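Please keep the sequence and the structure in view while reading.

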Amino acid sequence: MPVQMHHPSLDEVSLSAVFAALSDDHRRGVVVALAADPTREQPCSMFPVPGTKSTRSYHWKVLREAGLIIQRNTGTGMMLRLREPEFEQRFPGFLANLLHLEARPRSRADGTNENEKGSEDENEDGLPDR
């Protein structure tokens with residue numbers, strides 16, 4: 001019988017826990033990848049998170065406890081799905097802004113980036129206008 005994993009109610013999740021979970025590049029990459037199709041479950045094995053099986057399990061646990069994913073044991077593996085509708089209700093616009101910021105070019109050491117032109121639909125902070 002598959003082990004049941006704890007998925008907190010999003011009312012229990014703090015913004016600090018979300019920021020802590022997303023502070024890791026690999027975990028943030030998993031969330032961004034899941035956001036490409038938030039209704040679809042993906043096998044844990046498809047994500048290029050380096051490390052041992054226990055390290056990968058730790059990353060899933062952090063994302064799960066931050067309310068970002070649902071993790072389901074299939075008996076032969078684990079499946080992940082983004083908790084997009086519930087998360088959006090608790091933290092409106094958070095995932096959209098995360099995806100927007102992750103899509104932006106990274107700054108170079110000299111303070112410039114690959115695309116100096118700003119988007120017309122962005123405000124002065126580089127966030128999408130609403």
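This is a predicted model: local features need pLDDT of at least 70, side-chain atom pairs count only at pLDDT 80 or more; totals for chains, interfaces and linings use all residues.

## The salt bridge of Arg72

Arg72 takes part in a salt bridge with Glu41, where the two side chains meet at 2.7 Å from N to O. This pair links distant parts of the chain, 31 residues apart. Arg72 belongs to strand β2, which covers residues 69-73, whereas Glu41 sits in the loop between α2 and β1 (42-43).

## Salt bridges in the whole structure

A search of the whole structure finds four salt bridges. One of them joins Glu102 and Arg28, with the closest N and O atoms 2.9 Å apart. Here too the pair links distant parts of the chain: Glu102 is in helix α5 (residues 94-103) and Arg28 is in helix α2, 74 residues apart. Glu102 is partly exposed, with a relative accessible area of 26%. Arg28 is buried, because its relative accessible area is 15% and buried means under 20%.

Another salt bridge is formed by Arg83 and Glu86, whose closest N and O atoms are 3.7 Å apart. Glu86 has a relative accessible area of 28% and is partly exposed. Salt bridges with shared partners also join Asp25, Arg28 and Glu102 into one network.

Where is Arg83 found? Arg83 is in the loop between β3 and α4 (84-90). Its relative accessibility is 7%, so Arg83 counts as buried.

Leaving aside residues up to four places away in sequence, Arg83 touches His7, Pro8, Leu10, Gly67, Leu68, Ile69 and Ile70.

## The loop residue Asp24

Asp24 lies in the loop between α1 (15-22) and α2 (25-35). A polar atom of the Asp24 side chain lies 2.9 Å from the backbone nitrogen of His26.

Asp24 can also be placed relative to His59. The two residues are 35 residues apart in sequence, and their C-alpha atoms are 9.0 Å apart in space.

## The largest pocket

Rolling a probe the size of a water molecule over the atoms shows where empty space is left. The largest pocket holds about 270 Å³ of space. It is lined by 14 residues, of which Cys44, Lys53, Ser57, Trp60 and Met78 are the closest to its centre. Two elements, α3 (53-65) and β3 (78-82), each give two or more residues to this lining.

Which element provides the largest share of the lining of the largest pocket? That share, five residues, comes from α3. Sorted by class, the lining has six nonpolar residues, five polar residues and three charged residues.

## Summary

Two of the salt bridges described above link distant parts of the chain: Glu41 with Arg72, and Glu102 with Arg28. Arg83 is buried, with a relative accessible area of 7%, and forms a salt bridge with Glu86. The largest pocket draws on α3 and β3 for its lining.

How values were computed:
Residues are numbered from 1 along each chain as its sequence is written. Side-chain values use heavy atoms; hydrogens and water are left out. Helices (H or I, at least four residues) and strands (E, at least two) are DSSP runs, numbered from the N terminus. A polar contact is a pair of N or O atoms within 3.5 Å; within protein, one must be able to donate a hydrogen and the other to accept it, and residues adjacent in sequence count only if both atoms are side-chain atoms. On a 1 Å grid over the protein atoms alone, a cavity is a set of points where a 1.4 Å probe fits but cannot get out, and a pocket is an open set with protein on both sides within 12 Å along at least five of seven lines; lining residues have an atom within 4 Å of a point. Grid points are joined across faces, edges and corners, and a volume is the space filled by probe spheres set on the points. Ala, Val, Leu, Ile, Met, Phe, Trp, Tyr, Cys and Pro count as nonpolar, Asp, Glu, Lys and Arg as charged, and the others, Gly among them, as polar. Buried means under 20% relative accessible area, exposed over 50%, partly exposed in between (1.4 Å probe, protein chains only). Contact means heavy atoms within 4.5 Å.
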